[in-house]
Structures are given as C-alpha cells and as structure tokens.
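Hi everyone, thanks for coming. Let me put the model up on the screen, and then I'll walk you through its inside.

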Amino acid sequence: MLTLIRRWHADACAKNLANRDFRSFWRNVNKYNNGNCTEYVSTVGGCSGKENITKMRCDHFEQLYNSVADDGFKRQFYDHIMSHKSNTAQYVITIHTLLECLHKQKFGKAVGLDGIAMGAIVHGGLTLAVHMCVLFNCFLQAQYLPRTFMDSVIIPLVKSKSGDLADVNNYRAIAISMSTSKLFECAIANEVSSYSSDCDKYQFGFKSGHSTSLCTSIFKKTVDYYTCHGSYVFTCFIDFTKAFDRVNYWKLFNKLLDNGVNVCVTAILAYWYSHQRVCICWQNSVSDFQCRQWSTPRQHFITHPI
C-alpha cells in the first residue's frame, strides 16, 4: 500500500513537471516530503500496532540514553561543585534579561505537556514576566526544579523518508518541552559559554557562528585545489552511531566548571539533566514516563540569598 501511494505521488509530480506547471510541482514535492508519512506505518522494529510500537520505542530510547556509564565523572562533578561552594557568586536573572528572551521566542511551535503556548507568555504582560523572573531565580537559589517542569514528550521523526520506515534506527527523536522551560533555558544560555584554547580552528560543530556548510565549503575547495593541480584526493569519513546521544554529559559538566561557567548555572543544568522524565508519543499513543536510571535524590549545592 505504501509503495502504491509513493508511486501516485511520483506520477503526480511528473505530470506537473511535464505540463511545466512548476508551482504545482514544487508545492506537491513539499507536501509529499513533509507529509505525515508515518501515518501509513503499521510495523516498526518488528512490532505492530501503535501501542506496541510506542512501548518498543520507549524501551529503545531508555536503553539508548542510559547506555553510557559515568565512570566516576558524576562523583567528580559533585566534589567539584562542593569545592566552589564557599567562593561562588549567585547568578541572578534580571527582568531585562527575561524581556530580551521573550522577544527572541518564536510563535507557532508545538506546545508542551502543559498545553501553554509561547505566545501566551510573550503577550502575558510585564506582571507575568516579573513573576516568572522571581520563579526562575528561586530555581537557581534552591538548585531545584519541579518534576512537571522537567517533563517532555519525544516525537520520533523519520530521518530518510525514502528509506525503510520499519527500521527503528531510521527515526530521530525530537523532544518537545514546555514553554516555561524553554524560556528558562534562554535566560541562562548567555552564562553557559566557555572558551578553550584547545579548540581547533577547523572544528565546525558545536561552535557559535559555525555550521556544516562551512565545513563542506572548505572540503570542496581543498579537493578542487588538488584535483586542479593533477593530484589524487583520498578521504576518510567516520560515522559514529548515535554519537550525540551517547555523550557522557558528566564530563561536559566538569568541562563547564573548568572553563569558568557559573557554578549555580552548571549545578541546575546537572540537576535538570539527571532528573528529567520523558514519554513517547506515536500516532496519538503516549507511553508512561521514563527517567534516567542513575538519577539521585535532590542535593543542595548553593545557599546564597537572592
């Protein structure tokens, strides 16, 4: 059935192109490429039925996100935090910072589990912004976030729509969090920045103002240079499976502290990361919440007054 539907789509695009109806051609291409192709998927990863698929995906992501052991870096991070407890400064979110964050937000995004759209907060007025500013500073002061504040829902999206839609590895996870948590992230984002002399100038990922397009451009120029001068070019590509999902984040938290990022902000990020819960949504079927296996009880690190 899915193959027949794809054939109909291809025939429709070919007909538009043959008739030189380019507007309809590109409209249909965009429609078919961005359509909900998973609507017709009934089997994924050997499981059939949306409830069984949802449960399978829940187990899949739980194993993936708990596949990397901390190897003592978690304990090292806690010791690092305690060593800075007496001489650290409390980070305070000002109302001006929050208003700037509100102006940066985009509308029309999917709402989180609380059902509150970002537009409702942006147009909530100055009084609401002041109350949220006080709330966010209380989070930083207590080094604590409410459980529902950290909850998010994962939507599996197809990587290659021309690939095998029954392959669970052909999907990437998009986490939809609540608008209030997005605003809090934006408020502390300016403080979460570090500059290391060890960073290679040819590193294009995870750097401000850099993208893979720059990397591709330099690669093409390098290849053109040697080929135009009669030389051969040999390349080697490494594809790390689920590399971003398998990062040891406790190492990253230690790196943030080493690079001078505010201790209060780093501590709240670590608490957020180690206590967050997610559920999986697939074709209107929602799984139970899952949390990381190595979550620890709440710990207080900083006790400075606001």
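This is a predicted model: local features need pLDDT of at least 70, side-chain atom pairs count only at pLDDT 80 or more; totals for chains, interfaces and linings use all residues.

Residues are numbered from 1 along each chain as its sequence is written, and side-chain values use heavy atoms, leaving out hydrogens and water.

By a nonpolar core I mean a set of buried Ala, Val, Leu, Ile, Met, Phe, Trp, Tyr and Cys residues joined through side-chain atoms within 4.5 Å, with buried meaning under 20% relative accessible area (1.4 Å probe, protein chains only). The largest one has 24 residues, and I93, L98, F136, L145, F149, L183 and F184 touch the most other members. Which helix gives the most to this core? Helix 7 does, with six residues. Helices here are DSSP runs (H or I, at least four residues), numbered from the N terminus.

Take F136: setting aside neighbours within four places in sequence, its contacts (heavy atoms within 4.5 Å) are I93, L98, F149, T180, L183 and F184. Another core, of 13 residues, lies apart, and its members include Y78 and Y249.

Now the helix pair. Helix 9 and helix 12 pack at an angle of about 150°, axes 11 Å apart; the axes are lines fitted to C-alpha atoms over the stretch in contact, and angles run from 0 to 180 degrees between N-to-C directions. That makes the two roughly antiparallel, the word for angles over 145 degrees. Where they meet, helix 9 brings S181, F184, E185 and I188, and helix 12 brings V265, I268, L269 and W272.

Conventions
Buried means under 20% relative accessible area, exposed over 50%, partly exposed in between (1.4 Å probe, protein chains only). Angles under 35 degrees count as roughly parallel, over 145 as roughly antiparallel, 65 to 115 as roughly perpendicular and the rest as oblique.
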